[in-house]
Amino acid sequence: LPMRWYDHGHRIVARLAELRLTPHTRDAVRDILGGQSLSDASVWADNIRQYRHDADKLHYVNIALGGTYVPGRDCPGGRCIIAAIEHDRQVLADPATSPEDRAEALKFLVHFMGDLHQPLHVADDNDRGGNSRKVELLGHSTNLHKVWDGGLIEAFGMGESEYFDALRRKMGAMDLAALERGTVVDWAMEGHRIAVERVYRPIPQSGQLGQAYVDASRPVVDRALIAAGVRLAKVLNDALVGYRPR
């Protein structure tokens with residue numbers, strides 16, 4: 001299903017988050033995941049999709065392009081990414097949660113925090129979050145969702161470790177405390193504005209996205225991945241502050 005930052009993006013978000021976990025949170029994550037790394041856990045929620053359709057709607061929220069978030073309309077029954085992140089945070093923080101449920105909540109959370117920062121997971125122009133908007137990226141037929149879900153990252157032409165290192169260097173010059181501020185809704189609406197201004201607006205009439213679109217999108221994707229990593233670390237540090245191994 002073409003609904004991912006592919007695996008590269010998710011793994012990079014998790015690796016950036018790991019840089020900012022407290023020692024206590026790092027130990028807690030290792031304990032909860034039974035030694036699995038956060039980056040390996042980050043792709044689980046996509047890999048289970050073929051047999052866990054109950055979670056399909058939790059990867060995104062369809063906020064009409066240029067609109068605002070209205071929970072009753074945009075997240076009916078709490079089945080959207082915003083509500084899912086809030087739910088998984090609470091499950092993770094609750095001392096009464098079983099080890100199995102806590103591990104699942106953590107694996108969903110690391111994935112959904114990545115998805116929340118993919119602009120087309122929080123915006124919809126009557127095109128299924130860009131899935132039904134046909135475009136060409138560097139001469140290849142695709143759709144707009146796929147472009148932002150991983151097509152751009154592939155077009156940057158770097159392997160996972162090389163891109164991770166570049167983002168880690170970039171983080172050094174950023175105000176990360178400012179990135180940590182805000183609520184899940186604030187973060188979703190930030191991505192929504194990016195979709196309006198940086199995803200849809202620059203698309204030429206022809207639908208042909210060339211090198212200029214790729215180059216203009218690079219700082220947007222860089223910042224989104226960094227913001228996702230920084231905010232994931234904040235969410236985990238907060239949720240697991242009281243965690244004690246069973």
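## Helix α9 and E160

A helix here is a DSSP run of H or I at least four residues long, numbered from the N terminus. Helix α9 spans residues 160-171, and E160 is found in it. Keep in mind that this is a predicted model.

So is E160 buried or exposed? With a relative accessible area of 15%, E160 counts as buried, because the cut-off for that label is under 20%. The side chain of E160 has a partner, too: a polar contact of 3.0 Å joins it to the side chain of R11. Setting aside neighbours within four places in sequence, E160 is in contact with R11, H8, I12 and R15.

Next up is Y163. Leaving out neighbours within four places in sequence, Y163 is in contact with I12, I153, F156 and M158, and also with R218, V221, D222 and L225. I12 turns up in the contacts of E160 as well.

Y163 also belongs to the largest nonpolar core, a set of 79 residues. Which residues touch the most other members of that core? They are L38, L116, L144, W148 and Y163. As for where the core comes from, helix α12 (residues 211-239) supplies the largest share, with 14 residues. In soluble globular proteins, nonpolar side chains tend to be buried together.

## The three-stranded sheet

The model has an open sheet of three strands, ordered β2-β1-β3, with mixed pairing. β2 (140-143) and β3 (208-209) sit at the edges with a single partner strand each, so one side of each has no neighbour in the sheet.

Strand β1 takes in residues 134-137, and two bridges join it to β3, the two running parallel. Look for L137, which stands opposite L209 in β3. Lying across β1, β2 and β3 is helix α8 (residues 144-155), which runs at about 110 degrees to β2.

## R79 in its loop

Where does R79 lie? R79 is in the loop between α5 (71-74) and α6 (81-93). Its relative accessible area is 37%, which makes R79 partly exposed. Not counting residues up to four places away in sequence, R79 touches D54, A55, K57 and L58.

Conventions. Residues are numbered from 1 along each chain as its sequence is written. This is a predicted model: local features need pLDDT of at least 70, side-chain atom pairs count only at pLDDT 80 or more; totals for chains, interfaces and linings use all residues. Side-chain values use heavy atoms; hydrogens and water are left out. Two strands pair if DSSP finds at least two bridges between them. Contact means heavy atoms within 4.5 Å. Axes are lines fitted to C-alpha atoms, for helices over the stretch in contact, and angles run from 0 to 180 degrees between N-to-C directions. Buried means under 20% relative accessible area, exposed over 50%, partly exposed in between (1.4 Å probe, protein chains only). A polar contact is a pair of N or O atoms within 3.5 Å; within protein, one must be able to donate a hydrogen and the other to accept it, and residues adjacent in sequence count only if both atoms are side-chain atoms. A nonpolar core is a set of buried Ala, Val, Leu, Ile, Met, Phe, Trp, Tyr and Cys residues joined through side-chain atoms within 4.5 Å.
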